[in-house]
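This report goes through selected features of one structure. Please keep the sequence and the model in view while reading.

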Amino acid sequence: MGAGGTPQRRAAHPTRPQQRRPTLHPGAWWLWSLGLGTAATRTTNPLLLALLIATSAYVVATRRPDTPTARSYTAFVKLALAVLLIRLAFAVALGSPVPGTHVIATLPEVPLPDWAQGIRLGGRVTAEGLLFALYDGLRLATLLICVGAANALANPARLLKSLPGALYEMGVAVVVALTFAPNLILDVQRLRAARRLRGRPDKGIRGLLQVALPVLEGALERSVALAAAMDARGYGRTADVPAPVRRTTTALTLGGLLGVCAGTYGLLTAEGGTYGLPVLLAGLAAALAGLRLGGRRSLRTRYRPDRWDVRAWLVTGSGVAVAALLVLASAHGSEALNPGVVPLVAPALPLWPAAAVLLGLLPAFVAPDPSPDPAPAPTPDPKEPS
């Protein structure tokens, strides 16, 4: 209290402006994961593939944000395990093209007509055939896990802001689909829990039909509300572009895509090794120019655009380095990258390709920490009595 019983007014303390927490560009996460996936396609060595999986898992564990989309990594791991088991089941049921001498079991073989030569159902199951299927399925599983790492680390809504203006409408559709998918899963879980509490069946055809209708109704209501909100905010408006610019944009985009296809085919074939890389680079340049011109049709601004800083370059460079080094190792004919199964020998770990894979751990140390900052303690007022 002040003099005369008047309440003393507290001194106003200037509040510190809240700074935006540094985040990594979502495109850097996708390029990093695609680099790891490209490296996985160049080898069937289970030790290197396991090292790629461990690398992506460590980065996801240390740099995954606490968002609903970040929990998709577990779903991709389960999908990869399912793919691996299906590949092994096909090898047991349909046989393997790899001849083997170590017979594990002999299944009853189903006779097939003459027009189905080369296909068999049942028969001998060899250790060589199972090992070949395991290597092949593990490569695809590693690729799926690398893609799952990108989904867990990169926010799709932020990725939309970084797309070129020519791809804006397509990006909106993709992001809306990715946003609605978790909501559909939550609706299904909520309705099934409510039916269980009421003592009603939530499994089987009957339960599926009675759960699916409310889920579809809720999805339709959200779609209508979202369409109205997007229309009120001016989505879909385009600028007036002259006809010559539109024709030039179309020609550059289509020509660039054809050049990318022709250059990729040239790189994959022995005859096109001379012209493959120049055609691919020319196609990429033409496609990027077309996308740049096509962005003039989009009337939009970016609120707080993501910056491509030094850390984004380091994360992207680590993934590209892993892919380039594994491609270089496979081009030089390293036998350790693709171990044989006939004769049946244990795979060896090549040292410098393994060291190249470890470069993918760089984002775990240079990417910003996604954990929230602790709340700052309030500053005591020296004029107030304790």
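Is Trp-313 buried or exposed? Trp-313 is exposed, because its relative accessible area is 58% and the cut-off for exposed is over 50%. The model discussed here is predicted.

## Aromatic pairs

Two aromatic pairs turn up in a search of the whole structure. In one of them, Trp-29 and Trp-32 sit edge-to-face, with 5.8 Å centre to centre and 80 degrees between the planes. About one helical turn separates Trp-29 from Trp-32, because they are three residues apart in helix 1. Both Trp-29 and Trp-32 are buried.

Trp-308 and Trp-313 also form an edge-to-face pair, at 5.7 Å centre to centre and with 80 degrees between the planes. Trp-308 has a relative accessible area of 32% and is therefore partly exposed, whereas Trp-313 is exposed.

## Salt bridges

The count of salt bridges is three. Arg-87 and Asp-136 are joined by one of 3.4 Å, N to O. This pair links distant parts of the chain: Arg-87 belongs to helix 3 and Asp-136 to helix 4 (residues 127–153), 49 residues apart. Asp-136 also bridges to Arg-139, where the closest N and O atoms are 3.1 Å apart. Asp-136 and Arg-139 are three residues apart in helix 4, so about one helical turn lies between them. Together, Arg-87, Asp-136 and Arg-139 are linked in a network of salt bridges.

Elsewhere, Arg-311 and Asp-309 meet in a salt bridge of 3.8 Å, N to O. Arg-311 is partly exposed at 27%, and Asp-309 is partly exposed at 26%.

## Helix 10

Helix 10 covers residues 310–331, 22 residues in total, and spans 31 Å from its first C-alpha to its last, close to the expected 32 Å. Its buried residues include Ala-312, Val-315, Gly-319, Val-322 and Leu-326.

What do the buried residues of helix 10 pack against? Their partners are helix 1 (26–40), helix 2 (46–63), helix 11 (351–357) and helix 12 (363–366). Just after helix 10, Gly-333 has a positive phi of about 70 degrees.

## Nonpolar surface patch

Ile-86, Phe-90, Leu-94, Val-110, Leu-112, Ile-119 and Leu-121 make a nonpolar surface patch of about 600 Å². The most is given by helix 3 (residues 72–94), which supplies three residues. Ile-86 lies in helix 3 and counts as partly exposed because its relative accessibility is 46%.

Technical notes. Residues numbered from 1 in each chain as written. Predicted model: local features only at pLDDT ≥ 70, side-chain atom pairs only at ≥ 80, totals over all residues. Heavy atoms only, no water. Helix = DSSP H or I, 4+ residues; strand = E, 2+ residues; numbered from the N terminus. Expected span 1.5 Å × (residues − 1). Buried < 20%, exposed > 50% of the residue type's maximum accessible area, 1.4 Å probe, protein only. Contact = heavy atoms within 4.5 Å. Patch = residues over 30% accessible without salt bridge, like charges linked within 9 Å, V, L, I, M, F, W, Y side chains within 5 Å. Areas by Shrake-Rupley, 256 points an atom, 1.4 Å probe, with all protein chains shown as cover. Salt bridge = Lys/Arg side-chain N within 4 Å of Asp/Glu carboxyl O. Phe/Tyr/Trp six-rings, centres within 6.5 Å; stacked < 30°, edge-to-face > 60°.
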